Amino acid sequence: MDTEAYLMDVFGLSCRMTHTYQLCKEWSAIDEHFQKSLDKTNGVRILKQEVVENVFSFICSSNNNIQRISTMVEKLCFLFGEKICSIEGRDYYNFPSIEALAKGSIEQKLKEEKFGYRSKYIAHTAKRLMELGGKEWLLGLHKDNNVSYNEAMEKLIILPGIGPKVADCICLMSLGHLEAVPVDTHIKQIAVTTYLVHLQQQKQISNQQVSNYLRNLWGPFAGWAQAVVFCAKINKPQSKIPPRKKSKRKSLCN
């Protein structure tokens with residue numbers, strides 16, 4: 001695959017604008033809240049991420065913030081990846097293979113690097129994947145291989161440190177299951193206050209209830225709709241630029 005084709009694939013640029021417009025139109029017709037979210041964004045696309053990197057990056061994301069997740073991913077690359085190049089005095093490394101992350105001493109090394117309880121999950125997931133067939137096993141869960149979303153989810157959650165939310169992220173961003181709806185605190189808050197008002201009397205509304213409801217509402221591309229609603233929720237509106245004071249000088253255009 002050449003560079004242009006690769007970038008088209010990663011950024012989802014092969015999806016025609018007419019299709020995107022039609023999807024947004026359909027979602028807005030059935031969901032007033034979606035239209036409000038759409039109005040707050042400039043468009044959202046789902047990245048097609050490399051599946052191994054996605055699995056271990058999302059293990060790092062558990063109870064974490066973006067800055068620390070990024071630091072952890074960079075450490076994984078530096079400690080266990082292969083050097084790609086040096087640019088302006090800085091070395092760059094690729095994401096480590098499953099084989100590299102399955103080595104016997106990795107758990108202790110990650111604990112020393114402050115990965116905490118995620119150290120065990122990373123090491124054990126790598127070893128479990130090696131037993132199952134490595135990267136090929138993961139790629140075998142892709143929708144193109146006639147694997148259903150439910151089947152992919154069932155197999156992913158057997159991996160240490162991977163629950164339904166992380167499995168949904170992997171399905172959505174790496175395995176072509178665009179109906180997957182990852183439910184985090186932001187999406188759950190929106191769902192409880194906007195979509196599942198009739199269930200507010202319940203002591204607890206499960207993430208599975210939220211995911212199922214939104215998937216049924218938005219259809220086979222529900223994960224894309226979720227991304228729009230999620231981005232509208234977390235992106236703070238830009239502060240308005242105060243108007244300039246009128247100059248006493250005469251405009252050159254007059």
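Predicted model: local features only at pLDDT ≥ 70, side-chain atom pairs only at ≥ 80, totals over all residues.
Numbering runs from 1 along each chain as its sequence is written, and side-chain values use heavy atoms, with hydrogens and water left out.

**Helix α4**

- Nine of the 10 residues of α4 (residues 51–60) are buried, meaning under 20% relative accessible area, with exposed over 50% and partly exposed in between (1.4 Å probe, protein chains only).
- Helices here are DSSP runs of H or I, at least four residues long, numbered from the N terminus.
- Among the buried residues are Val52, Asn54, Phe56 and Phe58.
- The cover over those buried residues includes α5 (66–80), α6 (98–101), α8 (118–132), α9 (135–139) and α11 (164–174).
- At the start of α4, a side-chain oxygen of glutamate 50 comes within 3.0 Å of the backbone nitrogen of valine 52.

**Largest pocket**

- The largest pocket has a volume of about 880 Å³, taken as the space filled by probe spheres set on grid points that are joined across faces, edges and corners.
- Of its 28 lining residues, Phe58, Ile66, Cys169, Met173 and Phe230 are the closest to the centre.
- For the cut-offs: on a 1 Å grid over the protein atoms alone, a pocket is an open set of points where a 1.4 Å probe fits, with protein on both sides within 12 Å along at least five of seven lines, and lining residues have an atom within 4 Å of a point.
- The largest share of the lining, five residues, comes from α14.
- By class, the lining has 15 nonpolar, 10 polar and three charged residues.

**Salt bridges**

- The whole structure has nine salt bridges, each a side-chain nitrogen of Lys or Arg within 4 Å of a carboxyl oxygen of Asp or Glu.
- Glutamate 50 turns up again here, paired with lysine 135 at 2.9 Å between the closest N and O atoms.
- That pair links distant parts of the chain, 85 residues apart: glutamate 50 sits in the loop between α3 (32–39) and α4, and lysine 135 in α9.
- Glutamate 50 is partly exposed at 33% relative accessible area, and lysine 135 is partly exposed at 37%.
- Lysine 111 and glutamate 107 meet at 3.4 Å, N to O, and both lie in α7, four residues apart, about one turn of the helix.
- Salt bridges with shared partners also join Lys75, Lys109 and Glu113 into one network.

How values were computed. Helix = DSSP H or I, 4+ residues; strand = E, 2+ residues; numbered from the N terminus. Contact = heavy atoms within 4.5 Å. Polar contact = N/O pair within 3.5 Å; in protein donor to acceptor, adjacent residues only side chain to side chain. Nonpolar A, V, L, I, M, F, W, Y, C, P; charged D, E, K, R; others polar.
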